[in-house]
Amino acid sequence: MVNSIKITLGETGQTFLQSNKLPEKGTVDKQPAGLNFYEYSWNVRTPGQVVVNDKAYSFTIPYVLSITGTEDAAEIDQGIQKFSINAGITADDLIDHDKARVEFSGFLQKLKNSGWKTVIAYEDPRLAGEDAFKYYLEDKFYSLPLDYIPTLDEWMKIKTGSWHLYAGSNFLDVTIRRDSQRVNISEPGAYLISFNLLTSTQKAKNQFDAEEIGHWQELWVDKIKSLKKERYAKETELTQRGFTIYTEYEEPKIHAADPVEP
């Protein structure tokens, strides 16, 4: 067993295997559709860890159960453009809900201190702190705020929640899910954390349908203009309801034309 795996977005599949001393057989799954999956998993009783190498934004994910890196065989020179990682909050299967809240919030604060910032979908309103959490309770697809630690009562309202982050040219989606059968605040719960680490190019491609991906750069400006019109309409409505728009929000730069405005 390998206790720790190091990953770097954009590294080739061979580099991933060699740097972690992993055999190709049993690790690489080459699909006919043209995607190569680099997979490794740990026993639930002896989880591993993943070290994300991203210069100043590096961090370590503990209690990891599995990892998958995705490489497009048609763009082999681009390397692995996405890593998906599943982990627990602690090594134990069950955990007190408030302890889970404290442990997970502490991990998020480490990401924040490393330079990771909240990224808000182009069509979503720019909110921060308590306002952002309040809006999440209305729209469960909204990015939870990195700058707000929920109370225990608020934490129990998160059945599935995601923190969408960016740093430098990379993006990170952190999603937490709780066991729906263990929601009694007085009894232990069970949680699973999913991490999706992807390049800015992969993040951009996710904005488009399959038939558009090949020329996403030409479509980018019109696409973002359309989405931001939705954002500003929502912000007007929320302002009337007493929300404060976070106008200091900095959009990550993906395209040469960014920042794009309607």
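Two strands pair if DSSP finds at least two bridges between them. Keep that rule at hand for the exercises on this predicted model.

**Exercise 1. The overall build**

Task: Describe the protein chain as a whole, and decide which radius of gyration a compact globule would have.

Solution: 
- Step 1. Take the secondary structure. The protein chain has six helices and ten strands.
- Step 2. Take the extent. The C-alpha trace spans about 60 × 55 × 35 Å along its principal axes.
- Step 3. Apply the globule rule. For 262 residues, a compact globule would have a radius of gyration near 18 Å. The protein chain has 19 Å, so the two agree.
- Step 4. Look at burial. Of the 262 residues, 45% are buried.
- Step 5. Look at contacts. Take those with a separation of 6 or more; 61% of them join residues 24 or more positions apart.

**Exercise 2. Strand E9 and its partners**

Task: Find which strands pair with E9, and in which sense.

Solution: 
- Step 1. Start with E8, residues 160-167. Eight bridges join E8 to E9, and the two run antiparallel. At least two bridges are needed, so E8 and E9 count as paired.
- Step 2. Pick out one bridge. Thr160 has Arg177 in E9 as its bridge partner.
- Step 3. Check the turn. The hairpin of E8 and E9 has two residues between the strands. Gly168 takes a positive phi near 60° there.
- Step 4. Go to E10, residues 191-199. E9 and E10 pair over nine bridges, again antiparallel. Leu172 stands opposite Leu197 in E10.
- Step 5. Check the cover. E9 spans residues 170-178, and eight of its nine residues are buried.

**Exercise 3. The cavity**

Task: State how many cavities of 30 Å³ or more the structure has, and what lines the largest cavity.

Solution: 
- Step 1. Count. A search of the whole structure finds one cavity of 30 Å³ or more.
- Step 2. Give the volume. The largest cavity has about 60 Å³.
- Step 3. Name some lining residues. Among them are Phe104, Leu108, Tyr148 and Trp163.
- Step 4. Find the main contributor. Helix H2, residues 97-113, gives the most, with four residues.
- Step 5. Sort by type. The lining has eight nonpolar residues, two polar and no charged.

**Exercise 4. Asn36**

Task: Is Asn36 buried or exposed?

Solution: 
- Step 1. Asn36 is in strand E3, residues 35-41.
- Step 2. Compare with the cut-off. Buried means under 20% relative accessible area. Asn36 has 7%, so Asn36 is buried.
- Step 3. List contacts beyond four places in sequence. Asn36 touches Asp29, Lys30, Gly69, Thr70, Glu71, Ala73 and Ile76.

Definitions and conventions: Residues are numbered from 1 along each chain as its sequence is written. This is a predicted model: local features need pLDDT of at least 70, side-chain atom pairs count only at pLDDT 80 or more; totals for chains, interfaces and linings use all residues. Side-chain values use heavy atoms; hydrogens and water are left out. Buried means under 20% relative accessible area, exposed over 50%, partly exposed in between (1.4 Å probe, protein chains only). On a 1 Å grid over the protein atoms alone, a cavity is a set of points where a 1.4 Å probe fits but cannot get out, and a pocket is an open set with protein on both sides within 12 Å along at least five of seven lines; lining residues have an atom within 4 Å of a point. Grid points are joined across faces, edges and corners, and a volume is the space filled by probe spheres set on the points. Ala, Val, Leu, Ile, Met, Phe, Trp, Tyr, Cys and Pro count as nonpolar, Asp, Glu, Lys and Arg as charged, and the others, Gly among them, as polar. Contact means heavy atoms within 4.5 Å. The radius of gyration is taken over C-alpha atoms; the globule rule is 2.2 Å times the number of residues to the power 0.38.
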